Amino acid sequence: QVQLVESGGGLVQAGGSLRLSCAASGSIGGIKVMGWYRQAPGTQRELVATISSGGSTNYADFVKGRFTISTDNAKNTVYLQMNSLEPEDTAVYYCYLRTWISTWSTYWGQGTQVTVSS
């Protein structure tokens with residue numbers, strides 16, 4: 001019933017910027033965490049950033065102030081502003097939702113490709 005749809009990925013040159021968005025729909029509780037993970041070929045999926053319904057944020061240390069996560073809670077939408085992109089940021093970026101209704105449930109988007117060229 002819950003669906004996450006990402007957009008905003010693409011090809012960008014090193015030093016450029018992209019803004020990812022993810023819109024969630026379906027049965028979503030008011031208590032939730034939304035965010036972004038990424039996975040490069042041959043590597044494990046890793047956390048990029050998360051934000052809770054209470055406003056608490058968490059960033060991976062490799063972001064180094066370059067990325068900013070934000071939400072529109074009323075619309076169940078999460079954004080990731082990515083600046084000063086580097087070739088090492090090339091990966092598939094996945095939207096993440098963990099929400100409480102009667103128990104915790106986790107959902108993933110299909111992913112959007114981000115490619116940074118040098």
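Q: Hi! Among contacts in the protein between residues at least 6 apart in sequence, what percentage join residues at least 24 apart?
A: Hi! That share is 53%, where a contact means heavy atoms within 4.5 Å. Please keep in mind that this is a predicted model, where local features need pLDDT of at least 70 and side-chain atom pairs count only at pLDDT 80 or more, while totals for chains, interfaces and linings use all residues. Residues are numbered from 1 along each chain as its sequence is written, and side-chain values use heavy atoms, with hydrogens and water left out.

Q: Thanks! How many helices and strands does the protein have?
A: Zero helices and eleven strands. Both are DSSP runs numbered from the N terminus: helices are H or I with at least four residues, and strands are E with at least two. Along the sequence, the pattern reads β-β-β-β-β-β-β-β-β-β-β.

Q: Which strands make up the open sheet of four strands?
A: Their order is 1-3-8-7, and the pairing is antiparallel. Two strands pair if DSSP finds at least two bridges between them. In general, strands of a sheet pair through backbone hydrogen bonds, either parallel or antiparallel.

Q: And which are the edge strands?
A: Strand 1 (3-7) and strand 7 (67-72), since each pairs on one side only. From one strand to the next, the twist averages 15°. For that angle, axes are lines fitted to C-alpha atoms (for helices, over the stretch in contact), and angles run from 0 to 180 degrees between N-to-C directions.

Q: How many bridges are there between strand 1 and strand 3?
A: Five, and the two strands pair in the antiparallel sense. As an example, S7 stands opposite S21 in strand 3.

Q: New topic: which residues does a disulfide join?
A: C22 and C95, with an S to S distance of 2.1 Å. A disulfide is counted here when two cysteine sulfur atoms are within 2.5 Å, and a search of the whole structure finds one. C22 sits in strand 3 (residues 18-25) and C95 in strand 9 (residues 91-100), so the pair ties together parts that are 73 residues apart in sequence.

Q: Is that disulfide left-handed or right-handed, and why?
A: The torsion about the S-S bond of C22 and C95 is about -90°, so the disulfide is left-handed.

Q: Does C22 count as buried or exposed?
A: C22 counts as buried, at 0% relative accessibility. C95 is buried too, at 0%. Buried means under 20% relative accessible area, exposed means over 50%, and partly exposed is in between (1.4 Å probe, protein chains only).

Q: What percentage of the 118 residues count as buried?
A: 39% of them.

Q: What is the radius of gyration of the protein?
A: It is 14 Å, which agrees with the value near 13 Å that a compact globule of 118 residues would have. The radius is taken over C-alpha atoms, and the globule rule is 2.2 Å times the number of residues to the power 0.38. Those C-alpha atoms fill a box of roughly 45 × 25 × 25 Å along the principal axes.

Q: Last one: what is phi of N76 near?
A: Near 50°, a positive value in a residue other than glycine. Most residues other than glycine have a negative phi. N76 lies in the loop between strand 7 and strand 8 (77-82), and N76 is buried, with a relative accessible area of 18%. S84 also has a phi near 50°. S84 lies in the loop between strand 8 and strand 9 and is partly exposed, at 40%.
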